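This briefing is meant to be read with the sequence and the model side by side. Please keep both in view while going through the points that follow.

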Amino acid sequence: MDAQRRNLKECMVLDHVNYVYGAGTAYEKHALQDINLVLGKNEFIGLIGHTGSGKSTLIQHLNGLLQPTSGHIYYKGNDIGAKEFNKKELRSHVGLVFQYPEHQLFETTVVKDVAFGPKNMGLPQLEVDMRVFAALKEVGISEELYDASPFELSGGQKRRVAIAGVLAMRPEFLILDEPTAGLDPRGRDEILDRIAEIHAEGNRTVILVSHSMEDVAKYATRLIVMNKGNVFADGSPREVFELYRELEEIGLAAPQVTYLSERLREAGVALAQNATTLAEARELLLADWKGGSR
Amino acid sequence: MIRDITIGQYYPVDSPIHRLDPRVKLSATMLYLVSLFVFSGYLGYVLAIAFVAVCVKLSRVPFRYIVRGLKPVLMLLIITLLFNIFLTKQGTELASFWIFHIYDEGLITAALMGLRLVLLVIGSSLMTFTTTPNQLTDGLEKGLRGLKVIHVPVHEIAMMMSIALRFIPILVEETDKIMKAQQARGADFESGKLLQRVKALIPLLVPLIVSAFRRASDLAMAMEARCYHGGEGRTKMKPLHYKKLDYVGYLVLAGYLGLVIGSSFVPFLK
């Protein structure tokens, strides 16, 4: 955290953000309550929480689609709620991929649809084309599909095209709201691996909204857990999953492998710590086995 | 902004009006709307306002929420007012400039027409605020079942209406979502010239229509999977039965009608 705090000019800062839906009606809902967060450069953040915990509301604040009822959000030191702040420009820096993004496809060809974002940024045609091809490559859409109608693609392909539509804007913050919802395990891994690769290229903050603990544990370096409009926990996956009893109380859970390692430790296997991913569990078990046999 | 559309939406609180049988509310709404156009004289207006005010108070739907429902008819309201003000040429002239002449009769007619329109919208939206689409359909189906004799497909009409009503909030939400998704890709729905604005709607309308068709086919599939085959032999989980409250409702309605009709014969206050 200290390393991030050093340069708030590169971060997204949320300062006492509150959001109330439908104030004064029977539908009134305090969706966000006093949120304070610093989202740093290059982080891979997993945002988890139960349905209705305020995750989706929170991310819509980050690119100015929703304005906080009270509080401020600063992007690189500028208040995005300020009148003179250019929201359209912000949205090219903070890319938001909604849930089921394939429902937003509308153009006649894949290339045209992906070009929608960069075109709106007012880039020259050549730059648009380059970004479109690069983005489609990044998400692994093969060239023979470039001129196909997006409506003819399979579910997983559609989703990747829709993600490319945001990637082509080259945002510094890439936010994905449950990008794997409704996909089969293979489609899910494909998308998540692509996202991890995109993050590994550097200079991008990725925020992955999910309620699969396995997914966020595998990829994220920092977890933010939301509950009833509050930040319930914020830390590394290990720190957060140590709280698995509290997580269970709010209807979440740690990854299966954390429970397994906990059980193993109870049964007398001397693991150094609880594992959060399968790969880590393997390392720990091997270390224990080697240590024991020596 | 798009979420401000409140017409046809249910407002979930518990109140005597919410508990009324939908048939009572349907007939009350119909009769109220008719009554708005048959009475003459100021007393009628007083009665109509009083009636709807009592209903609104009883329904516990916030007045502000109901007023928001007036927004979509605002344009119509303004046009009605202007036409009545400028096209009525009776009474004494109050002001005139160029080709426009304003008469006192015109002002009065405009005010009364506007009032009628507002009462009309409030009266009918109060029913949808206090009745779930399901109740509404049940009420309509049972209330109109006499028409089956002359082969009116009452059940089908009721089902179509309830699906249409049910889809309003869904499509509003969907519109909101797609709008945001396109805004996140830099779409601009709020500025530019007319042609640009119309063009800007394409990224919104295409996905919306696609999604409406998808939802329609999903719904048809789900209905089919539950062996829906029209109204023949269908039974209800919650059959409608009149309770004491409903008879009271009918009595109040009859009282209101009596008063309105009576008020037309009162010689003064015309």
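Helices (H or I, at least four residues) and strands (E, at least two) are DSSP runs, numbered from the N terminus. The model is predicted, so that local features need pLDDT of at least 70 and side-chain atom pairs count only at pLDDT 80 or more, while totals for chains, interfaces and linings use all residues; side-chain values use heavy atoms, with hydrogens and water left out. Residues are numbered from 1 along each chain as its sequence is written, and chains are lettered from A and ligands numbered from 1 in the order in which they are written.

**Chain B as a whole**
- The secondary structure of chain B comes to eleven helices and two strands, and along the sequence these follow the pattern α-α-α-α-α-β-β-α-α-α-α-α-α.
- The C-alpha trace of chain B spans about 65 × 60 × 35 Å along its principal axes.
- Of the 270 residues in chain B, 37% are buried, where buried means under 20% relative accessible area, exposed over 50% and partly exposed in between (1.4 Å probe, protein chains only).
- Among contacts (heavy atoms within 4.5 Å) in chain B between residues at least 6 apart in sequence, 74% join residues at least 24 apart.

**Domains of chain B and the pocket between them**
- Chain B is assigned domain 1 (1-131 + 241-270) and domain 2 (132-144 + 151-239), with bounds that come from an automatic or database domain assignment.
- The C-alpha centres of domain 1 and domain 2 of chain B lie 28 Å apart, and the contact takes 15 residues from domain 1 and 18 residues from domain 2.
- On a 1 Å grid over the protein atoms alone, a pocket is an open set of points with protein on both sides within 12 Å along at least five of seven lines, a cavity is a set where a 1.4 Å probe fits but cannot get out, and lining residues have an atom within 4 Å of a point.
- The second largest pocket has a volume of about 1100 Å³, and of the 34 residues that line this pocket, the closest to its centre are Asn134(B), Gln135(B), Asp138(B), Arg234(B) and Lys236(B).
- Because domain 1 and domain 2 of chain B both give residues to the lining of the second largest pocket, this pocket lies between them.
- At least two lining residues of the second largest pocket come from each of α1 (16-19), α7 (133-143), α8 (154-184) and α10 (202-225) of chain B.

**Ser59(B)**
- Ser59(B) is placed in helix α3 (residues 42-59) of chain B and, at 0% relative accessibility, counts as buried.
- The side chain of Ser59(B) reaches the backbone oxygen of Val56(B) at 2.8 Å.
- Leaving aside neighbours within four places in sequence, Ser59(B) is in contact with Val13(B), Ser15(B), Ile17(B), His18(B), Leu126(B) and Thr130(B).

**Cavities**
- The structure holds three cavities of 30 Å³ or more, and the largest cavity has a volume of about 60 Å³, a volume being the space filled by probe spheres set on grid points that are joined across faces, edges and corners.
- Residues lining the largest cavity include Phe98(A), Tyr100(A) and His103(A), as well as Glu174(B), Lys177(B) and Ile178(B).
- The second largest cavity has a volume of about 40 Å³, and its lining includes Leu37(A), Ile45(A), Leu58(A) and Ile207(A).
- β2 (29-39), β3 (44-49) and α2 (55-62) of chain A are the elements that give two or more residues to the lining of the second largest cavity, and α2(A) gives the most, with three residues.

Technical notes: A polar contact is a pair of N or O atoms within 3.5 Å; within protein, one must be able to donate a hydrogen and the other to accept it, and residues adjacent in sequence count only if both atoms are side-chain atoms.
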